[in-house]
Structures are given as C-alpha cells and as structure tokens.
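Subject: Handing over the structure

Dear colleague,

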Amino acid sequence: MSIFLSNEIIVFLLIELILIVLMAISQVNIVSIVRHWDFDATTPLQYALEKKNYLVNTILYFTLTCKVILFLFFIQSLNSLAGIVPGAMCSAGVVGANHYGNALLLLKLLLIFGFGLWLIVNKLDLASIIFPYLKRKYLLFTLLFVGVLGEFVLEILYFSNIPLTVPVFCCSVVFQAPKLPFGYTQTLLVLFFYTLFGVIVLFNTLKQTMASFTCNLLFLFIAYYAITYFFGLYVYEMPNHKCPYCMLQKEYYYIGYLIWGSLFLGIFFGIMPFLIERITQKSYVYLLKYSSICLAITALICSIYVVRYYLMTGVFL
C-alpha cells in the first residue's frame, strides 16, 4: 500500500498544487508590475498595471486563506495516517516517521507567519494612495513563493518516505524526559515559562518592539517544551504521557488547538511590530496588546489544568 492512496493526502497535495499554479500566475504578473511600475505616469500601461495589482492581491488573499486552512487539514491528515502507519499512536509517530516531518512542520509554521507579515504590509500599502511598499511587499511575496515551492518538494519527500512496513516510534518513545534540551528539568521549564511570559507582557506594555521580538522567539522555544513535558501531563492526567499532538484529538476535547493556536497567535502578534518597522519604517505597536492577550490565554489554560488536577488529587504529577 502507498501513502499516496490515502484520500486525505491526495486531496491535500492536489490543493497545494492548485495554489502553487495560482501563485506562479501571480508571480509572472508581479515581475511585470515591478519592472514597469511608475505611479506618476498616466499611460495605459500604468493603468493596466494598477488593475493587475488588485487582481494579484485578490488571488493572494484567496491563496493565503487556503494555506491557513490547509495547515489545519494537514494536522488532521497526520492524525488519520496514524491508523495505517505501524507503531504510530498519533501524529507524533507519523511526523517522526522520517527526517522530513519535523522540518516540514516548522517550514509550514514559518510560511504562515510570513504570509501574515505580507498581509499586514499589503494592507499598509493599499491604505496609501501612492503604494509606497509595492516593491517591498512583492519582494517578500517572491521569497514566500520560493518557500512554498520548497514546502511542496518537502511534502513529496516526506509522504513518499513514510514507512508502511517498518514500525515507527510512538509519542511515549519520541518525547522522553531525558531529551529535554540543555539538561532542563520540568521545574526549570515551568519557571522559565512564567518568567518569560511576565517579561513579554512588560515589554509589550512598554511597546519595546525589538525586546518583545527577541523574547517571543525565545518563548516559542520554552513554551513548546513546557507544554509538551509539563503542562501536557495534566491535560492527559498521566505522568508518562508526553506528547504535543494527542491533545489535538477529540478525547481531550480538542483543547490542543486552543493551547497551540493562542500560543502561535501570541508569538505572531509579538514579533510582527518589529518586522513591520524594519520594512515600512512605521510604528505598528498596537499588535503587542494582542500578543499579551493570546499568550495570557495560553498560560491561563495551562495553569487551569495544573490547578484542577491538584484540587482533584491533592498531588502534582
């Protein structure tokens, strides 16, 4: 049996291919727009380019919306593959089935952040009558297009190298405590988690974009390990169940989507103001308050599970 016989994977790759075609059409038009754009000109060519600019934006809005939905569909598809990949109990076993899985997941997340950045720059560009960031936003789009092409190649390599006859490791093996980075203990992870969260809220309140950018990137790393190796235990109510994916399943009321979703949104809103300032030279600090709100939701949900477990049993895991 081939992994490509899975309906989810066929649909997923087909939609990805359609989006690449749409982005390629946009890229061809973008080259023409960037080469001949002259806002001060009143020629038919400039008029045609301005119409193309709006057409390309419409195509890209559609493409970006689909990419976000496809990311969620990709996660669900991994869960469904756990039923046909020997040894896999959840997405963790499927993602770790070969060397391409984790790299693909990271690239998908980076591309969504990149598309979000493009949307904001595009919004600022369209808000001005002279399109001041037109060339910069299309340069950013070109980089994203290259990233999407690389993502598609990685997807083919990943799916074609998932073993269906050799057992893979399940999450209880993949996420063992000795694999914590730098010799961290669970206590240190939780301490770093809450300390860094407090520092981010402080920097966000003071509107320190560079400091918030740096701390948010660090928090993404710390929060991943803290949720996987500490807070996740209270979600599963099992001391040895360490997995970032199982909490996405219905047995845990899909709480993982809220935990990871609020975390990624908080990180996104925390790093965007600094990047937007670098690209447009404009302040965009109002996003920082959304970063604080989203990260507070993450911290609150995680904390509730710990407190709830302690109130029910009188002990910590």
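This is a predicted model: local features need pLDDT of at least 70, side-chain atom pairs count only at pLDDT 80 or more; totals for chains, interfaces and linings use all residues.

Residues are numbered from 1 along each chain as its sequence is written, and side-chain values use heavy atoms, with hydrogens and water left out.

**Two helices**

Helices are DSSP runs of H or I with at least four residues, numbered from the N terminus. Helix H1 covers residues 7–36, and its 30 residues reach 44 Å from the first C-alpha to the last, close to the 44 Å expected at 1.5 Å a residue; the expected span is 1.5 Å times one less than the number of residues. In what follows, buried means under 20% relative accessible area, exposed over 50%, and partly exposed in between, with a 1.4 Å probe and protein chains only. The buried residues of H1 include Phe12, Leu13, Glu16, Leu19, Met23 and Ile30, and what covers the buried residues of H1 includes H2, H4 and H5.

Helix H7, residues 186–206, has 21 residues and reaches 30 Å between its first and last C-alpha, close to the 30 Å expected. Its buried residues are Leu189, Val190, Phe193, Leu196, Phe197, Ile200 and Asn204. Seen down the axis of H7, these buried residues fall within an arc of 140 degrees, so they line one face of the helix; the arc is that of the directions from the helix axis to the C-beta atoms. An α-helix has 3.6 residues a turn, so residues three or four places apart point the same way. The buried residues of H7 pack against helix H8 (209–236) and helix H10 (287–313), where contact means heavy atoms within 4.5 Å. On the other side of H7, Thr187, Leu191 and Thr205 are exposed.

On a 1 Å grid over the protein atoms alone, a cavity is a set of points where a 1.4 Å probe fits but cannot get out, whereas a pocket is an open set with protein on both sides within 12 Å along at least five of seven lines; lining residues have an atom within 4 Å of a point. Grid points are joined across faces, edges and corners, and a volume is the space filled by probe spheres set on the points.

The largest pocket has a volume of about 1,400 Å³. It is lined by 45 residues, of which Phe71, Leu105, Leu109, Leu220 and Phe264 are the closest to its centre. The elements that give two or more residues to this lining are helix H2 (44–81), helix H3 (91–95), helix H4 (101–127), H8 and helix H9 (255–280), and H4 gives the most, with eleven residues. The lining divides into 38 nonpolar, six polar and one charged, where Ala, Val, Leu, Ile, Met, Phe, Trp, Tyr, Cys and Pro count as nonpolar, Asp, Glu, Lys and Arg as charged, and the others, Gly among them, as polar.

The structure also holds one cavity of 30 Å³ or more, and about 50 Å³ of space lies in the largest cavity. Glu16, Lys67, Phe71, Lys108, Leu111, Ile112, Phe115 and Glu151 line the largest cavity, and the largest share of that lining, four residues, comes from H4. The lining of this cavity divides into four nonpolar, no polar and four charged residues.

**Single residues**

Most residues other than glycine have a negative phi, and most peptide bonds are trans. Just after H7, however, Lys207 takes a positive phi of about 60 degrees. Tyr254, in the loop between H8 and H9, has a positive phi of about 55 degrees although it is not a glycine, and at 44% relative accessibility Tyr254 counts as partly exposed. Gln281, in the loop between H9 and H10, likewise has a positive phi, of about 60 degrees, and is exposed, with a relative accessible area of 61%.

Finally, Gly101 lies in helix H4 and counts as buried at 4% relative accessibility. Leaving aside residues up to four places away in sequence, Gly101 touches Val95 and Tyr158.

With best wishes
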